[in-house]
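Welcome, and please open your viewer so that we can walk through this model together. At each stop you will hear what to select and what is there.

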Amino acid sequence: HKKLVFKNIDFIHIHARSVEEGLFSYFNRSDAQMLAFYKPERSFWERLYHSSLTRKILYKSRIPVIVFS
């Protein structure tokens with residue numbers, strides 16, 4: 001197992017009632033410049049019942065968001 005090294009990237013752990021709340025709480029008190037999401041492929045049934053955090057963030061974010069799929 002190799003130790004991964006990420007230069008110029010901070011990993012932050014925040015406690016919040018929801019992921020969305022935690023993200024916006026962090027962004028309101030930091031100087032974050034971009035948010036990146038990974039959007040997994042979902043089956044038809046998963047897409048029907050899944051509440052997309054990525055979509056919620058896209059509509060409410062004041063900073064650029066990049067989505068990888």
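A salt bridge here is a side-chain nitrogen of Lys or Arg within 4 Å of a carboxyl oxygen of Asp or Glu. By that rule, the count for this predicted model comes to one salt bridge.

**Stop 1: the salt bridge**

Select Arg 17 and Glu 21, the two partners of the salt bridge. Their closest N and O atoms are 3.7 Å apart. Is Arg 17 buried or exposed? Arg 17 is exposed, because its relative accessible area of 77% is over the 50% cut-off. Glu 21 has a relative accessibility of 37% and counts as partly exposed.

**Stop 2: colour by confidence**

Now colour the chain by pLDDT. The mean over the chain is 80, and 94% of the residues reach 70 or more. Which element has the highest mean pLDDT? That is H1, with 84, while H3 has the lowest among the elements, with 77. To find them, select residues 19-28 for helix H1 and residues 53-60 for helix H3. Keep both in view, as each returns below.

**Stop 3: the largest pocket**

Next, select Asp 10, Phe 11, Ile 12, Tyr 26 and Phe 27, the lining residues that lie nearest the centre of the largest pocket. This pocket has a volume of about 680 Å³, and its lining is made up of 20 residues. H1 provides the largest share, five residues. What classes of residue make up the lining of the largest pocket? There are 14 nonpolar residues, four polar and two charged.

**Stop 4: the second largest pocket**

Clear the selection and pick Lys 39, Pro 40, Arg 42, His 50 and Ser 52. These lie nearest the centre of the second largest pocket, which is lined by 13 residues. Its volume is about 300 Å³. The largest share, three residues, comes from H3. Colour the lining of the second largest pocket by class and you will find four nonpolar, four polar and five charged residues.

**Last look**

How values were computed:
Residues numbered from 1 in each chain as written. Heavy atoms only, no water. 1 Å grid on protein atoms, 1.4 Å probe; cavity = no way out; pocket = protein on both sides within 12 Å on 5 of 7 lines; lining within 4 Å. Points joined across faces, edges and corners; volume = space filled by probe spheres on them. Helix = DSSP H or I, 4+ residues; strand = E, 2+ residues; numbered from the N terminus. Nonpolar A, V, L, I, M, F, W, Y, C, P; charged D, E, K, R; others polar. pLDDT = per-residue confidence, 0-100. Buried < 20%, exposed > 50% of the residue type's maximum accessible area, 1.4 Å probe, protein only.
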